[in-house]
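Dear colleague,

Please find the structure below, followed by a short account of what was found in it.

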Amino acid sequence: MCRQCNYTIHAAQHHLGWDNAIAPVQTVAPGSTIRFACMEASGGQLNLSSTADDIATLDFGRINPVNGPIHVDGAEPGDALKITLVDFAPQAQDGQGWGWTANIPGFGLLADQFPDPALTLWRYDATTLAPALWGSHGRVGLKPFAGTIGVALAEPGTHSIVPPRRTGGNLDIRDLSRGAELYLPVEVAGALFSVGDTHAAQGDGEVCGTAIESPMDVTLTLDLVKDANLAMPRFTTPGPVTPHLDAKGYEVTTGIGPDLMTGARQAVEQMVDLLCARHGMPAVEAYMLVSTCGDLRISEIVDMPNWVVSFYFPRSVFE
């Protein structure tokens with residue numbers, strides 16, 4: 001329970017697309033602190049009893065529900081909405097946090113190589129956020145954050161919740177975690193802010209298309225920066241961003257060539273092959289695992305005609 005919150009937005013108070021005609025569920029003053037009871041990305045379609053068969057029948061019309069929208073008094077086009085991410089509290093089930101990671105056919109960086117549905121279910125300590133067990137000997141460090149966080153677009157009509165946009169949305173930036181400050185360009189009166197798609201952990205790139213998708217209560221504070229005139233989102237972090245992964249160093253693979261997407265695919269393919277050879281795991285499990293904790297990075301983009309993309313996998317998972 002959030003004792004210092006001005007408002008609570010419940011799970012039922014959600015929507016499934018960006019549309020500036022959606023009536024706000026709450027109107028707040030700048031400086032208000034709000035708790036959002038966010039569902040996981042399937043919108044309740046998956047649970048701890050789910051199997052890979054349930055992935056094949058997911059209703060994509062219910063994917064990535066976001067709580068809101070919130071009308072912020074005084075917000076006008078040209079302003080920036082400042083979001084201070086105060087806390088993330090996993091919604092415990094039987095005393096534990098839970099989540100899921102899936103390979104969804106037709107979705108993900110290597111979708112052409114992994115056509116079949118697959119599902120991994122996670123349990124973890126909701127209080128300590130100790131690393132979550134992967135199989136019998138792997139552990140993935142946790143860092144909760146909201147994958148989808150944004151405000152309404154100026155253009156009328158309903159816009160898909162899936163792609164990120166200039167006003168935020170499905171950003172999947174894992175460093176928008178506790179203590180971060182996010183600034184979003186306001187395009188409509190009141191901003192119409194919403195948040196959801198909470199994750200217990202994710203690697204930069206979310207390469208298989210899912211992270212550790214986990215229901216959480218998100219506490220945040222909404223403020224205004226007048227006349228900021230932002231073109232795109234920006235954010236600040238309160239300190240180092242990978243202390244939960246750095247301790248044992250990294251295994252790194254690369255992709256090199258004239259196309260960044262091809263390079264990203266090459267780097268991830270090689271990491272999947274490395275983990276399969278070293279740990280004897282099926283390729284689809286390695287693919288899902290690296291999506292939860294491995295990081296895609298552009299290492300070099302100026303030495304034409306070839307660019308370097310690197311994929312960092314934390315050795316702490318298996319050491």
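What covers the buried residues of α2? The cover includes β20 (250-257), α3 (283-293), β21 (295-300) and β22 (307-314). Helices (H or I, at least four residues) and strands (E, at least two) are DSSP runs, numbered from the N terminus. Buried means under 20% relative accessible area, exposed over 50%, partly exposed in between (1.4 Å probe, protein chains only).

This is a predicted model, in which local features need pLDDT of at least 70 and side-chain atom pairs count only at pLDDT 80 or more, while totals for chains, interfaces and linings use all residues. Residues are numbered from 1 along each chain as its sequence is written, and side-chain values use heavy atoms, with hydrogens and water left out.

Helix α2 spans residues 260-279 and has 20 residues. Among its buried residues are Ala264, Val268, Met271 and Leu275. Gly280, whose phi is positive, near 65 degrees, follows α2.

Zero disulfides (pairs of cysteine sulfur atoms within 2.5 Å) were found in a search of the whole structure. Cys38 is in none, and the nearest cysteine sulfur, that of Cys5, is 12 Å away. Cys38 counts as buried because its relative accessibility is 1%.

Yours sincerely

Conventions. The expected span of a helix is 1.5 Å times one less than its number of residues. Contact means heavy atoms within 4.5 Å.
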